[in-house]
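I opened this entry to keep track of what I look up. Surface first, then helix packing, then backbone angles.

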Amino acid sequence: MTKKIFRSICLVALLVFFSSLVLIMGVLYDYFSDVLLHQLKVQTNLISQGVSNEGIRYFDGLYEEHYRITWMDASGKILYDSQSDSAAMENHLEREEIRQALAEGYGESDRYSATLMERSFYSAKRLDDGSILRLGTTHGTIFILLLGMSQPIFLVFAIAIILSVVLAARLSGKIVKPFNTLDLDNPLDTKHYEELSPLLRRIASQQSQLKRKEAQLQQTQEELHAVISNMKEGIILLSADGKILSINPAAAALLENTDFTAGEPLSASCQNDMLLQVADSALLGTPQERTAAFASRHYQITASPVLSEGNVSGAALLLLDVTEKEKAEQMRREFTANVSHELKTPLHAILGYAELLKNNMVKNADICPFANKIYTEAQRMAKLVEDIINLSHLDEGAGDMQFEPLDLYAVATSAVRSLSPEADEADVTVALFGDPAVINGIPQLLSGIVCNLCDNAIKYNRSGGSVFVSIQDQPDKAILTVRDTGIGIPPEHQEHIFERFYRVDKSHSKQLGGTGLGLSIVKHAAMIHHAQIHLHSVSEEGTVVTIVFPKTVPSH
């Protein structure tokens with residue numbers, strides 16, 4: 001912009017200079033021509049006076065190089081000429097200034113010579129005797145005048161050029177300075193030309209909109225960064241050539257490399273072939289979803305190509321931890337198989353005994369034992385179904401059950417009392433110790449916890465053995481402990497006994513009528529109460545199960 005203004009100012013200055021030069025030269029030329037004609041007229045009058053008085057003798061010894069003097073009679077015949085032979089000269093009667101002088105007494109004219117590049121001026125006066133005196137002089141044309149004045153003109157031109165350049169540079173800088181000093185962040189606070197006000201108001205409005213958009217974008221970016229950084233799922237963004245554009249901490253930790261940098265190829269640091277295959281497929285435009293193992297855990301890898309105008313411009317990889325889902329699916333399959341197996345065995349026994357009774361293939365003396373078998377197996381099935389229903393209810397969180405203040409010692413007392421027949425039948429002594437301990441809990445679940453633990457302690461005890469139930473009340477918690485003197489649990493089985501349908505001795509458990517779900521129910525009920533379970537068991541010596549209940553369990 002500065003250069004354009006500079007050139008414009010210089011061009012205007014030169015145009016003004018040349019226009020002024022032409023105008024001034026034209027005016028001066030006309031002025032000097034008029035002055036010359038006036039002088040020529042004065043000279044003509046003076047010489048005519050001398051010729052009138054002295055005649056041709058006036059011209060004796062007269063020499064004038066700047067003027068041409070011609071004297072002729074009334075017929076146009078040349079009587080005297082200061083520069084040519086009068087006898088050889090042609091008749092001048094047809095000359096304009098001669099005709100005008102004959103007619104009016106005085107005449108003047110000028111003629112232009114293209115050959116000599118001169119302009120001739122003539123002044124003629126009629127004398128008293130009728131003769132004509134004419135004076136003539138030459139004057140250069142305006143081009144000759146310009147040529148003669150070329151040196152001063154060039155000097156003035158050079159000065160004009162220098163002044164134009166200097167002034168143009170200063171003016172262009174001064175004109176552009178307000179533009180260069182504009183504060184685009186606060187355009188209306190800057191001194192400016194009034195003509196720029198609409199533009200600056202528009203810039204201010206756009207700056208305000210840009211700042212709002214920038215703030216929104218920054219906030220969105222920070223929120224997105226915070227979300228992605230704190231996600232447990234891994235996220236990797238790749239460019240079209242397989243280089244990492246972004247990777248969140250979860251993905252970096254999963255790939256056991258926290259030094260990933262933007263622009264680094266994924267294949268340079270990742271050693272998981274499945275992840276690389278899925279990424280390559282996505283970069284070729286084909287979405288992929290696979291499951292891969294990372295550090296003993298299973299992750300679902302979802303790779304999607306990122307398209308821009310129909311072309312693949314990158315890929316997005318999402319890594320979801322599906323270990324628990326896989327375990328849950330495995331547990332569901334095992335649970336279904338176990339339920340089918342547990343139900344099929346008593347059901348086949350019932351069908352077998354019933355079929356014998358139906359076909360009258362049973363002696364009268366065996367009818368009662370067969371009926372007792374059918375009753376026992378049916379009761380076992382009912383207990384199994386009841387436990388499955390209770391466990392399913394606990395899996396759903398038992399949201400329909402209400403927490404209320406309960407005395408854990410009173411719950412234990414009721415459970416021990418209800419199990420007295422089983423204890424007497426197994427020749428096991430059950431003793432309850434402790435103090436009242438009020439906690440916030442669900443009556444059905446707490447009763448189920450105590451009953452299941454005591455029932456197991458009785459079933460897997462020895463004849464003449466003991467079960468000790470104690471309740472300890474502490475300021476912030478209550479502790480339930482069930483200790484028996486039974487067969488104990490081998491170390492290799494201790495971490496599995498809370499799993500569904502898990503039995504240490506399956507044949508012995510079935511003989512005792514166990515479903516394999518009791519401890520699973522205890523575990524889930526304890527989780528709902530935010531309680532912690534501790535197990536200590538020595539094979540052939542006994543088992544101690546301790547459950548610590550917090551007193552500040554939030555109510556549902």
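**Notebook: patch, packing, phi**

I started with the helix pair. H10 passes H12 in a right-handed crossing. H10 covers residues 408-418 and H12 covers residues 443-459. I noted that this is a predicted model.

How far apart are the axes of H10 and H12, and at what angle do the helices pack? I read 9 Å between the axes and an angle of about 50 degrees. Angles under 35 degrees would count as roughly parallel, and 65 to 115 as roughly perpendicular. H10 and H12 are therefore oblique to each other.

I found a nonpolar patch of about 540 Å². Its members are Leu-155, Ile-159, Leu-163, Leu-167, Leu-171 and Ile-175. I took Leu-155 for a closer look. Leu-155 sits in helix H4, which runs over residues 150-180. Is Leu-155 buried or exposed? Its relative accessibility is 53%, so I logged Leu-155 as exposed, the cut-off being over 50%.

Last came the backbone. Most residues other than glycine have a negative phi. His-530 lies in the loop between helix H15 (518-528) and strand S16 (532-538).

Glu-540 also went into the log. Its phi is near 70 degrees, again a positive value in a residue other than glycine. Where is Glu-540? I placed Glu-540 in the loop between S16 and strand S17 (542-550). Glu-540 has a relative accessible area of 52%, so it counts as exposed.

How values were computed. Residues numbered from 1 in each chain as written. Predicted model: local features only at pLDDT ≥ 70, side-chain atom pairs only at ≥ 80, totals over all residues. Heavy atoms only, no water. Patch = residues over 30% accessible without salt bridge, like charges linked within 9 Å, V, L, I, M, F, W, Y side chains within 5 Å. Areas by Shrake-Rupley, 256 points an atom, 1.4 Å probe, with all protein chains shown as cover. Salt bridge = Lys/Arg side-chain N within 4 Å of Asp/Glu carboxyl O. Helix = DSSP H or I, 4+ residues; strand = E, 2+ residues; numbered from the N terminus. Buried < 20%, exposed > 50% of the residue type's maximum accessible area, 1.4 Å probe, protein only. Axes fitted to C-alpha atoms, helices over the stretch in contact; angles between N-to-C directions. Parallel < 35°, antiparallel > 145°, perpendicular 65-115°, else oblique. Left-handed = near helix turned anticlockwise from the far one by under 90°.
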